[in-house]
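Welcome to this tour. Please have your viewer ready, with a cartoon view and a way to select residues by number.

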Amino acid sequence: MQVDSSAQEQRFEALRQRALLLDLESSPRGKLLKVGAVLAGRTFGWSGNFSVPAALEELGRLAGAAACVLGHNLHRHDLPLLREQAPAHPLLRLPLIDTLV
């Protein structure tokens, strides 16, 4: 089966423009330490001494422009952590692509 690489590249680029790439880091006790997100070339990162509510609010605005969430170990780490911090967060309603599954 021959694959049209141009068509694949176009599909990948379309996904990359609409998928929110997400990574959350936490302490062993569940304190949110870092938030990283990329959507359509826009990069957002929070670490160190930052306001968790403000970071999650900005992440929610970013999620409003996304078609899905893409990340590694989303099901077992990032989403439970986010759900604990903000149970009604808009990102939690998006379809997921988890690279660990």
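Let us begin with a definition: helices (H or I, at least four residues) and strands (E, at least two) are DSSP runs, numbered from the N terminus. With that in hand, select strand β5, residues 96-98, where isoleucine 97 is found.

Two notes on the ground rules. This is a predicted model, in which local features need pLDDT of at least 70 and side-chain atom pairs count only at pLDDT 80 or more, while totals for chains, interfaces and linings use all residues. Residues are numbered from 1 along each chain as its sequence is written, and side-chain values use heavy atoms, with hydrogens and water left out.

**Stop 1: the whole chain**

Show the cartoon. The protein chain has three helices and five strands, and from the N terminus the order reads α-β-β-β-α-β-α-β. Along the principal axes, the C-alpha atoms fill a box of roughly 50 × 25 × 25 Å.

Now colour by accessibility. Buried means under 20% relative accessible area, exposed means over 50%, and partly exposed is in between (1.4 Å probe, protein chains only). Of the 101 residues, 33% count as buried. The chain exposes about 6500 Å², and carbon and sulfur atoms supply 53% of that area. Accessible areas come from the Shrake-Rupley method with a 1.4 Å probe; for residues, only the protein chains shown count as cover.

Among contacts between residues at least 6 apart in sequence, 53% join residues at least 24 apart.

**Stop 2: the nonpolar core**

In soluble globular proteins, nonpolar side chains tend to be buried together. A nonpolar core here is a set of buried Ala, Val, Leu, Ile, Met, Phe, Trp, Tyr and Cys residues joined through side-chain atoms within 4.5 Å. Which residues have the most contacts inside the largest core? Select Leu20, Leu22, Leu32, Leu59 and Leu91; the core they belong to has 24 residues. At least two residues of this core come from each of β1 (19-26), β2 (32-39), α2 (52-63) and α3 (74-85). The element that gives the most is α2, with six residues.

Centre on leucine 20, in strand β1. Leucine 20 is buried, at 0% relative accessibility. Leaving aside residues up to four places away in sequence, leucine 20 touches Ala37, Val38, Leu39, Leu59, Leu62, Ala66, Cys68, Val69, Leu70 and Leu91. For a distance label, pick the C-alpha atoms of leucine 20 and leucine 96: they are 9.5 Å apart in space and 76 residues apart in sequence.

Move on to leucine 91.

**Stop 3**

Select glycine 36 in strand β2. Glycine 36 is partly exposed, with a relative accessible area of 24%. Not counting residues up to four places away in sequence, glycine 36 touches Leu21, Leu22, Asp23, Phe44 and Gly45.

Rings of Phe, Tyr and Trp (its six-membered ring) pair if their centres lie within 6.5 Å; planes under 30 degrees apart count as stacked, over 60 as edge-to-face and the rest as tilted. How many aromatic pairs does a search of the whole structure find? It finds one. The ring centres of phenylalanine 44 and tryptophan 46 are 6.1 Å apart with planes at 10°, so this pair is stacked. Phenylalanine 44 is partly exposed at 22% relative accessibility, whereas tryptophan 46 is buried at 14%.

**Stop 4: salt bridges**

A salt bridge is a side-chain nitrogen of Lys or Arg within 4 Å of a carboxyl oxygen of Asp or Glu. The count by this rule is two.

- Arginine 16 and glutamate 13 form one, at 2.9 Å, N to O. Both lie in helix α1 (residues 5-18), three residues apart, about one turn of the helix.
- Glutamate 57 and arginine 61 form another, at 3.1 Å, N to O. They are four residues apart in helix α2, so about one helical turn separates them. Arginine 61 is exposed, at 52% relative accessibility.

**Stop 5: back to isoleucine 97**

Patches are made of residues with over 30% relative accessible area and no salt bridge: like charges are joined within 9 Å, nonpolar side chains (Val, Leu, Ile, Met, Phe, Trp, Tyr) within 5 Å. Select Phe12, Leu15 and Ile97, which make a nonpolar surface patch of about 260 Å². Isoleucine 97 is partly exposed, at 32% relative accessibility.

Terms used:
Contact means heavy atoms within 4.5 Å.
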